[in-house]
Amino acid sequence: MRVLQISVRSGLVAVTAALPLALSSPASAAGISVSTAGSTVSVATTACKQMGGSFGNASLLSPGQSRFAQGRQVALSQANGTQSAAWSNVGRGTFTVVVVCADGSTAGTQPILVSPSATSRPPAAPATPAAPAPAVSPSLGVMGGAGGSVHDYGTLTLVAGGVLATTGAGVAAWYLRRRTRRPHHL
């Protein structure tokens, strides 16, 4: 019984210690979702609220561009609670999509690699060989620590994961402690 009390206490201590970390996650938990289909790039978010009849703007930055104003800007439109924007006839390369809400806050920034498929490109003249794509590097550098994730999980999900991990560690400790008290039979 004493081991169970210690396990429960240590689990509560771990959850209490993890809670401030989970609550200090970035405010833009919604983030943005960027996708490409052929030569069309689209972005979707739920982070922007309508202000003065506008949800905000999205900008598609070409390689070498670093400011929102330099990119191809499109106003966000809303359907089914999701704000979205799209750019068509986007060439091959690495681009950066930035979404700025009407209140001036940045909903998210994400690089995207565009490589139009053969079906979405206009047919090339038979005598003209296709020019090789120039080597392109991301304009924002390496996004270290992002882990390739697109979705930022909410506080509830992080706390639930912490509780499950702590519970698992507590049960394992309890089981191993209980096992060491048994007499060993050969």
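This is a predicted model: local features need pLDDT of at least 70, side-chain atom pairs count only at pLDDT 80 or more; totals for chains, interfaces and linings use all residues.

Student: Is Asn-80 buried or exposed?

Tutor: A residue is called exposed when its relative accessible area is over 50%. Asn-80 has a relative accessibility of 83%, so Asn-80 counts as exposed. Asn-80 belongs to the loop between β5 (77-79) and β6 (82-87).

Student: What is the phi of Asn-80?

Tutor: The phi of Asn-80 is positive, at about 55°, although Asn-80 is not a glycine. A further case is Asn-89, another non-glycine residue with a positive phi, near 55°. Asn-89 sits in the loop between β6 and β7 (93-101) and counts as exposed, at 67% relative accessibility.

Student: Which elements make up the protein chain, and in what order do they run?

Tutor: The protein chain has two helices and eight strands. Read from the N terminus, the order is α-β-β-β-β-β-β-β-β-α.

Student: How many disulfides does the structure hold?

Tutor: A disulfide is a covalent bond between the sulfur atoms of two cysteines. This structure holds one disulfide. The bond joins Cys-48 to Cys-101, with an S to S distance of 2.0 Å.

Student: Why is the disulfide of Cys-48 and Cys-101 called left-handed?

Tutor: The handedness follows from the torsion about the S-S bond, which for Cys-48 and Cys-101 is about -75°; the disulfide is therefore left-handed.

Student: Are Cys-48 and Cys-101 buried or exposed?

Tutor: The cut-off for a buried residue is under 20% relative accessible area. Cys-48, at 1%, counts as buried, and Cys-101, at 5%, counts as buried too. For the protein chain as a whole, buried residues make up 22% of the 186 residues.

Student: Where does Ser-54 lie?

Tutor: Ser-54 lies in the loop between β2 (40-45) and β3 (56-61). With a relative accessible area of 30%, Ser-54 is partly exposed. Apart from neighbours within four places in sequence, Ser-54 is in contact with Lys-49 and Ala-102. The C-alpha atoms of Ser-54 and Ser-77 are separated by 8.2 Å, and these residues are 23 residues apart along the chain.

Student: What share of the contacts with a separation of 6 or more comes from residues 24 or more positions apart?

Tutor: In the protein chain, such residues account for 60% of those contacts.

How values were computed:
Residues are numbered from 1 along each chain as its sequence is written. Side-chain values use heavy atoms; hydrogens and water are left out. Helices (H or I, at least four residues) and strands (E, at least two) are DSSP runs, numbered from the N terminus. Buried means under 20% relative accessible area, exposed over 50%, partly exposed in between (1.4 Å probe, protein chains only). Contact means heavy atoms within 4.5 Å. A disulfide is a pair of cysteine sulfur atoms within 2.5 Å.
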